[in-house]
Amino acid sequence: MRNHLLMKRNHLLFAAYLLMPLYNQAVNATPLPAGEYATERGWGTLSIKSVQNGKQAFSIDVAGTNGHSCGLDGQIINGIAKLTQDYSPGEICVVSFDGKAGQIDVGIKAGDEYCRYYCGARAYFEGSYFKQPSTCQQSNQRRTKDAFLAQYRKKDYQQAYDTLSPLLAQCSKFMHWYDEGRVINDIAITQYKLKDYAGCVKTLQPLAEDAALTDEQIREKLPPVDAETWLPVVKATRTNLSLCKAAAK
């Protein structure tokens, strides 16, 4: 009886070993979709490369609060990246990548302090990253802004407006709030040049609340680095609102 049980156990183990390669093939057959991803409000970006030798290269960049940031890269194997520090190879940060329709959820094990090595004190990289339309990828955004600036400097205001306004409409979900504020002001001043004063005022409405605050109130509202970065946007908004409201009368 005992020999019969051992034979049965060994048969099951053998079957399990036969199935393991099939399971690994199934996992490897569904890699994460390559491309550029971003969090809502654009505080983090994720780049995933195509599979090579069963691995996918990735990189994550994060702009956190008050100038703190995260930066990490490595190789993903079956949805997991294991990152080690050169000076302390025993300290491993394990990052998980869970692909869903149009997004990748990035996470770490609860309480994993080794992953803090890659971030400043007021930044983190865990969260949902969404597949961006090609228009919204950072390189394409830069090209759009460069084209807008060239057209604006040539005083081709209608063409400049037609170039930049779709960027805000399509990509505001993925823009960092600093960047969105700058684009809003660029669109608004272009509307002013086109004598669309009411449109200018409407475009600036998302920034009007902060524009009504004093510089000191902005500094009280935000951490120091964020406040100093945001103040030029606030000052531009005050100027542009004043111009457009006066011209609309």
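Reader: Which way do S7 and strand S8 run, and how many bridges join them?
Author: This is a predicted model. In it, S7 and strand S8 (residues 127-131) run antiparallel. Four bridges join them.

Reader: Which residue in S8 stands opposite Asp 105?
Author: Ser 128 does.

Reader: Is strand S7 largely enclosed or open?
Author: Strand S7 (residues 103-108) is largely enclosed by the rest of the structure, because five of its six residues are buried.

Reader: New topic. How many salt bridges does the structure hold?
Author: Eight.

Reader: Why can side chains pair like that?
Author: Side chains of opposite charge can pair when their charged atoms come close.

Reader: Give me one. What does Arg 41 meet in a salt bridge?
Author: The side chain of Glu 180. The N to O distance is 2.4 Å.

Reader: Where do Arg 41 and Glu 180 lie, and what does the pair tie together?
Author: Arg 41 lies in the loop between strand S1 (35-38) and strand S2 (44-52). Glu 180 lies in helix H4 (residues 177-193). So the pair ties together parts that are 139 residues apart in sequence.

Reader: And Glu 180, buried or exposed?
Author: Buried, with a relative accessible area of 17%. The cut-off for buried is under 20%, so Glu 180 qualifies. Arg 41 is partly exposed, at 34%.

Reader: What about Lys 145? Which residue is its salt bridge with?
Author: Asp 179. Their closest N and O atoms are 2.9 Å apart. Lys 145 lies in helix H2 (residues 138-153) and Asp 179 in helix H4, so this pair ties together parts 34 residues apart in sequence. Lys 145 counts as partly exposed, at 26% relative accessibility.

Reader: Next one. What does Asp 210 meet in a salt bridge?
Author: Lys 221, by their side chains, at 2.5 Å from N to O. Asp 210 lies in helix H5 (residues 197-211) and Lys 221 in helix H6 (residues 215-221), so the pair ties together parts eleven residues apart in sequence.

Reader: How do Asp 210 and Lys 221 count, buried or partly exposed?
Author: Asp 210 counts as buried, at 14% relative accessibility. Lys 221 counts as partly exposed, at 45%.

Reader: Last thing. Which residues do salt bridges with shared partners join into one network?
Author: Asp 215, Lys 235 and Arg 238.

Note on methods:
Residues numbered from 1 in each chain as written. Predicted model: local features only at pLDDT ≥ 70, side-chain atom pairs only at ≥ 80, totals over all residues. Heavy atoms only, no water. Salt bridge = Lys/Arg side-chain N within 4 Å of Asp/Glu carboxyl O. Helix = DSSP H or I, 4+ residues; strand = E, 2+ residues; numbered from the N terminus. Buried < 20%, exposed > 50% of the residue type's maximum accessible area, 1.4 Å probe, protein only. Pairing = 2+ DSSP bridges.
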